[in-house]
Amino acid sequence: MKLASLKQGRDGRLALVTRDLSRAVLAQAVETLQAALDDWAAVAPKLVEEAAALEDGHAAGAFTFEENTCASPLPRAHQWADGSAYVNHVKLVRQARGADLPKSFWEDPLMYQGGSDAFLGPHDPVDVAEEDWGIDLEAEVAVVTDDVPMGVTAEQAARHIKLVMLVNDVSLRNLIPGELGKGFGFFQAKPSTAFSPLALTPDELGAAWDGGRLHLPLLSRVNGKVLGKPDAGEDMTFDFPTLIAHAAKTRPLTAGSIIGSGTVSNRDHDGGPGKPVAEGGRGYSCLAEVRMVEKIRTGEIATDFLAFGDRVRIEMLDADSQSLFGAIDQEVRRYAGP
């Protein structure tokens, strides 16, 4: 199934969408995605029937689907925990500043708890008060779970993945050093996150989904120019079941919990930093990584972070070049105040 939440109230109105993203219908079994996840075993079969009727052209009340009417699939969530599953990305950060990568980073995932009370819609602007805060995109993949018991193994955790979606985990890079320097983690440096218009059940992804990783290129553009197209399944040191088990080590996770992959990052074929798309490489999923690679390769940083008026687009295409999740398409805008 392909599921969307139309902008209506705080938690949206759940809709089912055709595979070609052309038509949609309001779900009848339940009104919100959170309500569906709260009782997934009972509700999902009913939604499957409704989705089949829509796909066959038999759904009453079907309408043209428009991505700009969507909130994020979960406009707010009980839990948003973002990992850093691509250790290549972390390695580059540390290499650029001359720091070694601890061996433990290859054995135990990094994860931070993000703000989940107010996500951005996939076509909503990214409002930031100051351009010099270092505005950056982070293109990622995320999964949504049902109720996950505390202490699950990775093998057990895999059964709790119910949905997959894309992420723009906006970062304010110039605020990060000060916050991390206090020894208490991110807060102001991580403003509201945006997710793709659609959340997909894993079966919609076919062979590209192996139960723990999504093996397709994640396409990012800035002002229409391709920034990156790394394969989300490659160089993912920790798969999603491992990330879920990590998050649930000391607490249960409530239905509707979102677990992110962290910035998708591929090494070059020779094991070195990835190359820009213009040089035949797969590029990058954030500007910080561009800057790190520039520093490593030339000793100088040439790329600026995002400016007001810039536009970011993140999506994933199938083998027929059709958008799977719809697009995150956002303008960076100066915040005018409350």
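The structure holds 19 salt bridges, a salt bridge being a side-chain nitrogen of Lys or Arg within 4 Å of a carboxyl oxygen of Asp or Glu. The model is predicted: local features need pLDDT of at least 70, side-chain atom pairs count only at pLDDT 80 or more, and totals for chains, interfaces and linings use all residues. Residues are numbered from 1 along each chain as its sequence is written, and side-chain values use heavy atoms, with hydrogens and water left out.

The overall fold was described first. The protein chain comprises 7 helices and 19 strands. Helices (H or I, at least four residues) and strands (E, at least two) are DSSP runs, numbered from the N terminus. The radius of gyration of the protein chain is 19 Å, close to the 20 Å that the globule rule gives for 338 residues, so the chain is as compact as a globular protein of that length. This radius is taken over C-alpha atoms, and the rule is 2.2 Å times the number of residues to the power 0.38. Along the principal axes, the C-alpha atoms fill a box of roughly 60 × 45 × 45 Å.

Of the 338 residues in the protein chain, 54% are buried. Buried means under 20% relative accessible area, exposed over 50%, and partly exposed in between (1.4 Å probe, protein chains only). The protein chain exposes about 15,000 Å². Carbon and sulfur atoms supply 49% of that area. Accessible areas come from the Shrake-Rupley method with a 1.4 Å probe; for residues, only the protein chains shown count as cover. Among contacts with a separation of 6 or more, 72% join residues 24 or more positions apart. Contact means heavy atoms within 4.5 Å.

Charge was examined next. The protein chain has 33 positive and 49 negative side chains. Lys and Arg count as positive and Asp and Glu as negative; His and the chain ends are not counted. The centres of the two sets lie 4 Å apart, with each charge placed at NZ of Lys, CZ of Arg, CG of Asp or CD of Glu.

Side chains of opposite charge can pair when their charged atoms come close. Glu-138 lies in the loop between β9 (135-136) and β10, and Lys-190 in the loop between α5 (176-181) and β13 (194-195), so the pair ties together parts that are 52 residues apart in sequence. Both partners are covered. Glu-138 counts as buried at 6% relative accessibility, and Lys-190 counts as buried at 12%.

Arg-221 and Glu-315 also meet in a salt bridge, at 3.7 Å from N to O. Arg-221 belongs to strand β15 (residues 219-222) and Glu-315 to strand β18 (residues 311-315), so this pair ties together parts that are 94 residues apart in sequence. Arg-221 is partly exposed, with a relative accessible area of 25%. Glu-315 is buried, at 8%.

Strand β18 also carries Arg-311, while Asp-329 lies in strand β19 (residues 328-334). The side chains of Arg-311 and Asp-329 meet in a salt bridge of 2.8 Å, N to O. The pair therefore ties together parts that are 18 residues apart in sequence. Arg-311 counts as partly exposed at 38% relative accessibility, whereas Asp-329 is buried at 13%. Elsewhere, salt bridges that share partners join Asp-136, Glu-138, Asp-169, Arg-173 and Lys-190 into one network.

Leu-137 is found in the loop between β9 and β10. At 1% relative accessibility, Leu-137 counts as buried. Leaving aside neighbours within four places in sequence, the contacts of Leu-137 include Asp-169 and Arg-173, along with Ser-220, Val-222, Cys-286, Val-312 and Ile-314. The C-alpha atoms of Leu-137 and Phe-305 are 9.0 Å apart, although 168 residues separate them along the chain.

Helix α6 (residues 240-247) is mostly covered, with 6 of its 8 residues buried. These are Phe-240, Pro-241, Leu-243, Ile-244, Ala-245 and Ala-247. The buried residues of α6 pack against β7 (111-113), β10 (139-145), α4 (154-157), β11 (161-168) and β17 (258-260).

Phe-63 lies in strand β4 (residues 63-64). Phe-63 counts as partly exposed, at 25% relative accessibility. Not counting residues up to four places away in sequence, Phe-63 touches Leu-6, Ser-22, Arg-23, Ala-24, Val-25 and Leu-26. The C-alpha atoms of Phe-63 and Val-17, 46 residues apart along the chain, are separated by 9.6 Å.
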